[in-house]
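Work through the exercises below with the sequence and the coordinates open. Each task is followed by a solution in steps.

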Amino acid sequence: MDRYRDIIKAPIITEKSSELAREHNTFVFSVDPKANKTEIKEAIEKLFNVEVIKVNTLNTYAKKKRVGRYVGRANKVKKAIVKLKEGSSIELN
């Protein structure tokens, strides 16, 4: 069970992801950068007891951020966009 929790880091809750969840039964998660679509699908199904239809992934690379004269980078994140079967739902409160 710990393996699944290592793959799925956290849900991403924004206006756009909330709209996707409400209208298209699609949820967005931050996942481990080394995880593939099959592992993500299996983890979501086991952790939330739902049926997954489709998984899309995307990598957001670190952007340059500047605070005064100091320049750094924001964290790199891999996102998983998960489409659930009709009738399945996840409570993200």
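The model used in these exercises is predicted.

**Exercise 1.** Determine which residues Ser30 touches, leaving out those up to four places away in sequence, and decide whether Ser30 is buried or exposed.

Solution. 
- Step 1. With the sequence neighbours left out, Ser30 touches Ile7, Ile8, Lys9, Ala10, Ile12, Val77 and Lys78.
- Step 2. Ser30 is part of strand 2, and its bridge partner in strand 6 is Lys79.
- Step 3. The relative accessibility of Ser30 is 16%. Buried means under 20%, so Ser30 counts as buried.

**Exercise 2.** Give the strand order of the open sheet of 4 strands, and explain why one side of strand 1 and one side of strand 3 have no neighbour in the sheet.

Solution. 
- Step 1. The order is 1-2-6-3, and the pairing is antiparallel.
- Step 2. Strand 1 (8–11) and strand 3 (52–60) are at the edges; each has a single partner strand, so one side of each lacks a neighbour in the sheet.
- Step 3. From one strand to the next, the twist averages 30°.
- Step 4. Within this order, strand 2 (residues 26–31) is joined to strand 6 (residues 77–84) by 6 bridges in the antiparallel sense.

**Exercise 3.** Describe how strand 4 and strand 5 are connected.

Solution. 
- Step 1. Strand 4 (residues 64–67) and strand 5 (residues 70–73) run antiparallel and are joined by 4 bridges.
- Step 2. Arg66 has Val71 as its bridge partner in strand 5.
- Step 3. The two strands form a hairpin with 2 residues between them. In the turn, Gly68 has a positive phi of about 65°.

**Exercise 4.** Characterise the largest pocket by volume and by lining.

Solution. 
- Step 1. The largest pocket holds about 190 Å³ of space.
- Step 2. Its lining includes Ile12, Ser17, Arg22, Phe27, Ser89 and Leu92.
- Step 3. The lining residues comprise 7 nonpolar, 3 polar and 1 charged.
- Step 4. Helix 2 and strand 2 each supply at least two lining residues; helix 2 gives the most, with 4 residues.

Note on methods:
Residues are numbered from 1 along each chain as its sequence is written. This is a predicted model: local features need pLDDT of at least 70, side-chain atom pairs count only at pLDDT 80 or more; totals for chains, interfaces and linings use all residues. Side-chain values use heavy atoms; hydrogens and water are left out. Two strands pair if DSSP finds at least two bridges between them. Axes are lines fitted to C-alpha atoms, for helices over the stretch in contact, and angles run from 0 to 180 degrees between N-to-C directions. On a 1 Å grid over the protein atoms alone, a cavity is a set of points where a 1.4 Å probe fits but cannot get out, and a pocket is an open set with protein on both sides within 12 Å along at least five of seven lines; lining residues have an atom within 4 Å of a point. Grid points are joined across faces, edges and corners, and a volume is the space filled by probe spheres set on the points. Ala, Val, Leu, Ile, Met, Phe, Trp, Tyr, Cys and Pro count as nonpolar, Asp, Glu, Lys and Arg as charged, and the others, Gly among them, as polar. Buried means under 20% relative accessible area, exposed over 50%, partly exposed in between (1.4 Å probe, protein chains only). Contact means heavy atoms within 4.5 Å.
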